[in-house]
Amino acid sequence: MLKNKNIIRAVIVLAMFFSVLVTNRYVDFENAIMNGFSDVSYYTNIAKAFPHLTKSFTTYHHAQRFFFPYIIGMISHITGISLYASFMIFAVTFLLATLCVMDRILYSVNGAVYALCMALIIFNPYIFRLYLFCPGMITDLMFLFGTSVIILGLVKDSTYILLTGSVVAILARQTAVMFMPGFFIWLAVSENFGTEKFKKKLFRFTLVSVAIVLLYKITGYVASIFGGDNMNLQHLCSLIPYIKASIHNLKRIDIIYFFVNLIVRDTFSLTLSVAVLIPIVIFCRRNVKLPKESWLMILFAMLIMFQPVMNGFPNDATRLVSYAVIPLITAAAIVSGSVPPLKLMTNTLILFLCLLCYIGSFHHHYSRVHLVFPSFSNSQFALLHYVVVAVVFTVLWREFFKGNSQPSISESTPSLH
């Protein structure tokens, strides 16, 4: 029975992944840079320079992420495989590895929740499609993978897994520093002060935080050798001067439009995940106290979003905020144990919801939709995606609240352990 369950879930995930592979667009590094992924030039310069550090100008924060591009450069150098192929192999490998980690996180949930959660990840246009379109953005993918391992470590209460995920995340992006306050908030909320469990977790989170800070300092030192000036602090608060410069001469109605556009832009990549999470949370809140772990996962999502939102650069926020999909989906999975309608959903309805997620993934740049609709634009993709979000939200809302269905009231906390 257990073997059949694993096989069915593997088939579902691989079918979703394959459906993205065959409909995705693939471009070389030069075209990726022309499409706005300027970071690729820094990462490929680092990879090409192996076994030395690049002599080309590299900004400090890109230089600080040298580890994975350097490893890929080493693989390409040793094997003779082209640099693009090496990046692509690495990207596909860790996309699948992320799915394996999510499979462990979602292992105990029922089939309906599992399929929907996996669809929200695989069919998010700013995760799988983006990294297949542009494998040169490997540090972002490795941060996503590291984040999933961190969440697994928290869910499974494992020091080794948590430390592994933190090391991968900080080597990929400096944003991993934002996890540290989340660890200690988790500790303060989850355990009583002075207990043996509290002391054990305090040691664990302190160890992980020290590792993050240490690696941040080491990668910073390496970056200072061949990178530009350290602008990390400025990147953390550049939203404020960006807003001041943008609204300086705007009228009141234009200022309102500016802020609405800013919020929509920064949260766009999470809209589908939120459309699933909100009905679940509202349904459960009627009679069931939500488990604190679900709120803590939402906290981790907000910590991930903090840096790209505060960064203030319009072209990056949508993509960078998408990392928060991992803790948001985990939060939905934790709460799902208190949602009987999710367990009773028909295979047809789940297939329909997954198909909607798939349709919403057809990004105007990253997918092959332009072969069918040559004039398919950014605004049309946004409209399509929001229509999908609205339909998914409506279907789940009606499913949860039809009749007098009530959430199951239980003293036990839904768990992913």
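This is a predicted model: local features need pLDDT of at least 70, side-chain atom pairs count only at pLDDT 80 or more; totals for chains, interfaces and linings use all residues.
1. The nonpolar surface patch. Ile253, Ile256, Val260, Val264 and Tyr386 make up a nonpolar patch on the surface, and their accessible area together is about 440 Å². Helix 15 (residues 252-267) supplies the largest share of this patch, 4 residues.

2. Tyr386 in the patch. Tyr386 belongs to helix 23 (residues 378-401), and Tyr386 is a member of the patch. Its relative accessible area is 32%, so Tyr386 counts as partly exposed. Patch membership requires over 30% relative accessible area, and Tyr386 has 32%.

3. The length of helix 17. Helix 17 runs over residues 292-311, which is 20 residues. At 1.5 Å a residue it should span 28 Å, and the end C-alpha atoms are 29 Å apart, so the two values agree.

4. The bend in helix 17. At Met305 the helix bends by about 30 degrees.

5. Lys201. This lysine sits in helix 12 (residues 196-226). Its relative accessible area is 8%, under the 20% cut-off, and therefore Lys201 is buried. Leaving aside residues up to four places away in sequence, Lys201 touches Asp157, Trp186, Leu187, Ser190 and Glu191.

Methods. Residues are numbered from 1 along each chain as its sequence is written. Side-chain values use heavy atoms; hydrogens and water are left out. Patches are made of residues with over 30% relative accessible area and no salt bridge: like charges are joined within 9 Å, nonpolar side chains (Val, Leu, Ile, Met, Phe, Trp, Tyr) within 5 Å. Accessible areas come from the Shrake-Rupley method with a 1.4 Å probe; for residues, only the protein chains shown count as cover. A salt bridge is a side-chain nitrogen of Lys or Arg within 4 Å of a carboxyl oxygen of Asp or Glu. Helices (H or I, at least four residues) and strands (E, at least two) are DSSP runs, numbered from the N terminus. Buried means under 20% relative accessible area, exposed over 50%, partly exposed in between (1.4 Å probe, protein chains only). The expected span of a helix is 1.5 Å times one less than its number of residues. The bend at a residue is the angle between axes fitted to the seven residues ending there and the seven starting there. Contact means heavy atoms within 4.5 Å.
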